[in-house]
Amino acid sequence: MVSHTGPARLALFLLCCMGTLLSSHMVLTHRLSPRDVRKIILELQPLSKKLLQDYLNKEMGVPESSRYPLPCFASDSQQPHIINSRAILPYFKAIRPLLNNTDISEIIQQLDKLKFHHARETKISVPTDTFQCKRFILTILQQFSMCVERTLKSMNSGAQ
C-alpha cells in the first residue's frame, strides 16, 4: 500500500517516527545541572545525619558490619564523586519498611532526583536475623552519611 504512494511519504513517515523516538529518549538522558545536584546533596546531608543519629539512639551498641558495602559513587558520571543513586536507592527502599521513618522517605525522594539512568534497580535482600538486620541498617546509614559528606567536600573543593 505504501509503495504506490511513493517513497517520499515513506521517508516522511519514518522521519516523523524517528523524531518522536529520539525526543522520548532524550528525556531519559537528561542530566541535572551541577547547581541542582549540589542543592540535592545539601538537602541529603542533614537528612542522612539525622536518620543515622536517630537510629544510633534507638539501637545502642549495634556494631557496623563490613559485610554490607554500599556502592557510594557513580562510576559512569561525568563529574567526580557524584552519588550513585541508582545503586543506593534499592538499599533505602529495602530498609524503609523496617525503619518507619519520614526522613528515609525524603532521602528516597532526593535520591530519585539524582538518578541519571532509568535502569532496573537491583533487589536487595535484607538479613532475616534481627541482630544482622540491625547491623545491615546501621552500616547502610553510616556509609551513606559518609558518602554524602565526601561528596560535599569534593564539590566544595572543586568549586574553589
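**Figure 1. Phe-92 and the residues it touches.** In this predicted model, Phe-92 is in contact (heavy atoms within 4.5 Å) with Leu-51, Ile-104, Ile-107, Ile-108, Leu-111, Ile-140, Leu-141 and Phe-144, leaving out residues up to four places away in sequence. Residues are numbered from 1 along each chain as its sequence is written. Since the model is predicted, local features need pLDDT of at least 70, side-chain atom pairs count only at pLDDT 80 or more, and totals for chains, interfaces and linings use all residues, while side-chain values use heavy atoms, with hydrogens and water left out.

**Figure 2. The largest nonpolar core.** A nonpolar core here is a set of buried Ala, Val, Leu, Ile, Met, Phe, Trp, Tyr and Cys residues joined through side-chain atoms within 4.5 Å. Buried means under 20% relative accessible area, exposed over 50%, and partly exposed in between, with a 1.4 Å probe and protein chains only. Which of its 36 residues touch the most other members? They are Leu-44, Ile-83, Phe-92, Leu-111 and Phe-144. Helices α2, α3, α4 and α5 (130-159) each hand over at least two residues to this core, and α5 gives the most, with 11 residues. Helices are DSSP runs (H or I, at least four residues), just as strands are (E, at least two), and they are numbered from the N terminus. In soluble globular proteins, nonpolar side chains tend to be buried together.

**Figure 3. Helix α3 against helix α4.** Here we look at α3 (residues 85-99) and α4 (residues 102-114), whose axes come within 10 Å and cross at roughly 165°. That makes α3 roughly antiparallel to α4. Axes are lines fitted to C-alpha atoms, for helices over the stretch in contact, and angles run from 0 to 180 degrees between N-to-C directions. Angles under 35 degrees count as roughly parallel, over 145 as roughly antiparallel, 65 to 115 as roughly perpendicular and the rest as oblique. The contact of α3 with α4 has 10 nonpolar, two polar and three charged residues. For these classes, Ala, Val, Leu, Ile, Met, Phe, Trp, Tyr, Cys and Pro count as nonpolar, Asp, Glu, Lys and Arg as charged, and the others, Gly among them, as polar.

**Figure 4. Helix α2 against helix α4.** The axes of α2 and α4 come within 9 Å and cross at roughly 155°, which makes α2 roughly antiparallel to α4. By class, their contact has 10 nonpolar, two polar and six charged residues. Among the α2 residues taking part are Val-37, Leu-44 and Asp-54, and they belong to a group that meets α4 residues including Asp-103, Gln-110 and Leu-114.

**Figure 5. Asp-103, a charged residue in α4.** Asp-103 sits in helix α4 and is buried, with a relative accessible area of 10%. Which residues does Asp-103 touch, neighbours within four places in sequence aside? Leu-47, Lys-50, Leu-51 and Asp-54. Asp-103 and Lys-50 are 53 residues apart along the chain, yet their C-alpha atoms are separated by 7.9 Å.

**Figure 6. Leu-99 in α3.** Leu-99 lies in helix α3 and is buried too, at a relative accessible area of 12%. Setting aside neighbours within four places in sequence, Leu-99 is in contact with Leu-51, Tyr-55, Ile-104, Ile-137 and Leu-141. From Leu-99 to Ile-137 it's 38 residues in sequence, but 8.7 Å in space, C-alpha to C-alpha.
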